[in-house]
Amino acid sequence: MTPMANAPIRVEDCLHTGPGTLAGQYLRRFWQPVFHGVDLAPGRTSPLRVFGQDYCLFRSEAGTAYLLDPRCPHRLTLLSAGWVEGEALRCFYHGWKFNGADGACLEQPPEEDSFCHKVQLRRYPVREYLGLIFAYLGEGEPPPFPLYPEFERFEGLLEIDSYLRECNYFQNLENALDMSHVGFVHGDNRAAFNGIGLGRRLAAEESAWGVTYSFTRADGARRVQQFGMPNIFYMNALPTDPDIGWQESLFWWVPVDDLRHIQFSLHRVPATGEARARIHARRTRRRTEMDQAHQDMAEEVLAGRLRIAEVDGSRCDMVRLQDDVAQLGQGRIADRSGERLGRGDVGVIAIRKLWTRELTALRDGRETLHWQRGPEIVPAVWGLEGGAGRAGGEGTSEQARADIEDVRPFLAIDYQLRALRGEARAR
Ligand code: FES
Ligand SMILES: [Fe+2]
């Protein structure tokens with residue numbers, strides 16, 4: 001799978017992330033979110049598939065999450081079928097027991113002459129942060145863990161609103177730096193009618209973190225979005241609640257395999273008092289009201305059996321459906337060989353340039369860049385009613401701690417878990 005020496009690295013080399021692939025090796029060099037903390041109860045295990053590879057995830061009764069290789073080294077049954085004992089996991093088949101923290105074999109009940117010291121299960125460093133379980137899946141020591149103080153230290157709600165999309169992750173990543181799709185794909189959203197995305201008014205510049213992508217309106221107002229290498233986005237998402245307006249958001253696109261990915265999504269909602277109560281009530285209702293999966297509706301639309309205009313927006317997440325149709329319409333893994341890019345695609349071009357440059361360095365054994373998000377790397381946007389634009393992290397304070405709130409529709413959780421546990425398809 002690794003491209004041959006001297007052959008130019010192309011965007012096609014960024015798409016495959018399974019074991020042994022170049023892009024997979026690159027992505028594994030960074031801490032990545034792989035699961036939602038609320039989806040793993042104390043004392044429970046779960047199979048996990050990310051980057052086309054299987055793992056075993058478990059949480060001790062005391063609450064610590066651990067990540068191990070998926071199969072028992074004895075006779076290779078799935079460890080996730082076993083049970084949790086303290087900070088260890090007991091295999092279902094013959095009861096070998098493994099320590100979560102270091103993967104050491106602690107017991108081999110059927111062996112009178114135990115050879116535990118010769119058995120070692122691989123374990124992966126794990127850290128829980130902002131409601132997400134992050135893991136380091138690469139070789140060697142993990143890099144420093146990146147923090148996002150803007151998303152933890154403020155008064156209000158930190159909403160978890162992740163989703164599953166059933167296409168290659170790189171299509172979603174490219175779509176983020178493509179503002180010219182907004183007026184068309186999301187033309188029904190009230191915030192979209194600002195002439196966003198005319199090509200000559202778009203700019204994409206390399207930053208210390210990745211790409212600073214901006215659009216300048218005719219009146220001089222700017223929308224600025226920050227892409228962080230290799231798969232992070234910090235931006236103001238389109239409004240979905242009258243009390244919130246633009247939603248300052250942090251996203252990671254994490255492949256389950258090459259044909260589907262999770263967008264781990266966090267929204268920063270600095271609302272307090274009555275506004276917070278109203279938002280909470282609407283979000284809670286929405287979790288059950290959303291009973292049509294956008295993934296299923298997208299298939300109907302792409303098959304020509306349904307038009308988006310016929311979908312009931314009170315039962316299906318329209319923004320996600322719209323992006324599903326655009327991105328899955330490209331193919332589950334888009335064949336980019338027939339593309340005709342224009343000035344409106346500067347963001348897409350910028351991401352591909354960084355990615356192919358870094359993958360070339362990795363393949364050739366040269367040092368890759370250490371991406372850093374400094375204080376200047378913040379998003380900006382104009383006010384919805386023509387007021388002042390918000391800078392990133394406004395209202396951040398040392399004392400305050402946001403409350404993490406899972407706002408994912410229950411149906412969306414079901415789809416995500418089936419994918420992350422490695423099941424073939426949600427239906
Ligand atoms: S397969 Fe796990 S103890 Fe035998
Ligand atoms: Fe979109």
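In the predicted model, Arg408 is in contact with Ile160, Asp161, Ser162 and Ile413, its neighbours within four places in sequence being left aside. Two residues are taken to be in contact if their C-beta atoms, placed from the backbone, lie within 7 Å. The C-alpha atoms of Arg408 and Ser162 are 6.7 Å apart in space, although 246 residues separate the two in sequence. Arg408 is situated in the loop between strand S22 (403-406) and helix H8 (410-420); helices (H or I, at least four residues) and strands (E, at least two) are DSSP runs, numbered from the N terminus. Arg408 is buried, because 23 other C-beta atoms lie within 10 Å. A residue is called buried if 20 or more other C-beta atoms lie within 10 Å of its own, exposed if 12 or fewer, and partly exposed in between, with C-beta atoms placed from the backbone.

Residues are numbered from 1 along each chain as its sequence is written, while chains are lettered from A and ligands numbered from 1 in the order in which they are written. As the model is predicted, local features need pLDDT of at least 70 and side-chain atom pairs count only at pLDDT 80 or more, whereas totals for chains, interfaces and linings use all residues.

The protein has eight helices and 22 strands. Its C-alpha trace spans about 80 × 60 × 50 Å along the principal axes. The radius of gyration, taken over C-alpha atoms, is compared with a globule rule of 2.2 Å times the number of residues to the power 0.38. For 427 residues a compact globule would have a value near 22 Å, and the protein has 22 Å, which agrees. Of the 427 residues, 40% count as buried. Among contacts between residues at least 6 apart in sequence, 60% join residues at least 24 apart.

The domain assignment gives domain 1 (40-131) and domain 2 (149-420); such bounds come from an automatic or database assignment. The C-alpha centres of the two domains lie 34 Å apart. Seven residues of domain 1 are in contact with twelve residues of domain 2. On the domain 1 side of this contact, four residues are nonpolar, two polar and one charged. Here Ala, Val, Leu, Ile, Met, Phe, Trp, Tyr, Cys and Pro count as nonpolar, Asp, Glu, Lys and Arg as charged, and the others, Gly among them, as polar.

The largest nonpolar core has 101 residues, of which Leu57, Leu68, Ile133, Ala135, Leu177, Val254 and Ile351 touch the most other members. At least three residues of this core come from each of domain 1 (40-131) and domain 2 (149-420). A nonpolar core is a set of buried Ala, Val, Leu, Ile, Met, Phe, Trp, Tyr and Cys residues joined through C-beta atoms within 7 Å. Beyond its neighbours within four places in sequence, Ala135 is in contact with Gln32, Val34, Leu67, Tyr124, Pro125 and Val126.

Ile351 belongs to the buried residues of helix H7, which also include Val346, Gly347, Val348, Ala350, Arg352, Trp355, Glu358 and Leu359. These buried residues pack against helices H1 (22-27) and H2 (169-176) and strands S14 (202-206), S15 (210-216) and S16 (222-228). The expected span of a helix is 1.5 Å times one less than its number of residues. For the 18 residues of H7 (residues 346-363) this gives 26 Å, in agreement with the 26 Å between its end C-alpha atoms. Gly365, with a positive phi near 75°, follows H7. Leu359 is also one of the contacts of Ala23, the others outside four places in sequence being Asp13, Cys14, Leu15, His16 and Thr17. Ala23 lies in helix H1 and is buried, with 26 other C-beta atoms within 10 Å.

In helix H6 (residues 318-328), the buried residues are Arg320, Leu321, Gln322, Asp323, Asp324, Gln327 and Leu328. They pack against strand S13 (163-165), H2, helix H3 (182-185) and helix H5 (294-302).

Several loops have backbone features of note. Phe51, in the loop between strand S2 (45-50) and strand S3 (53-59), has a positive phi near 50° without being a glycine. Phe51 counts as buried, with 25 C-beta neighbours inside 10 Å. Leu76, likewise not a glycine, has a positive phi of about 70° and is placed in the loop between strand S4 (65-68) and strand S5 (83-85). Leu76 is exposed, with 10 other C-beta atoms within 10 Å. Met229 and Pro230 are joined by a cis peptide bond with omega about 0°, Pro230 being in the loop between S16 and strand S17 (232-237).
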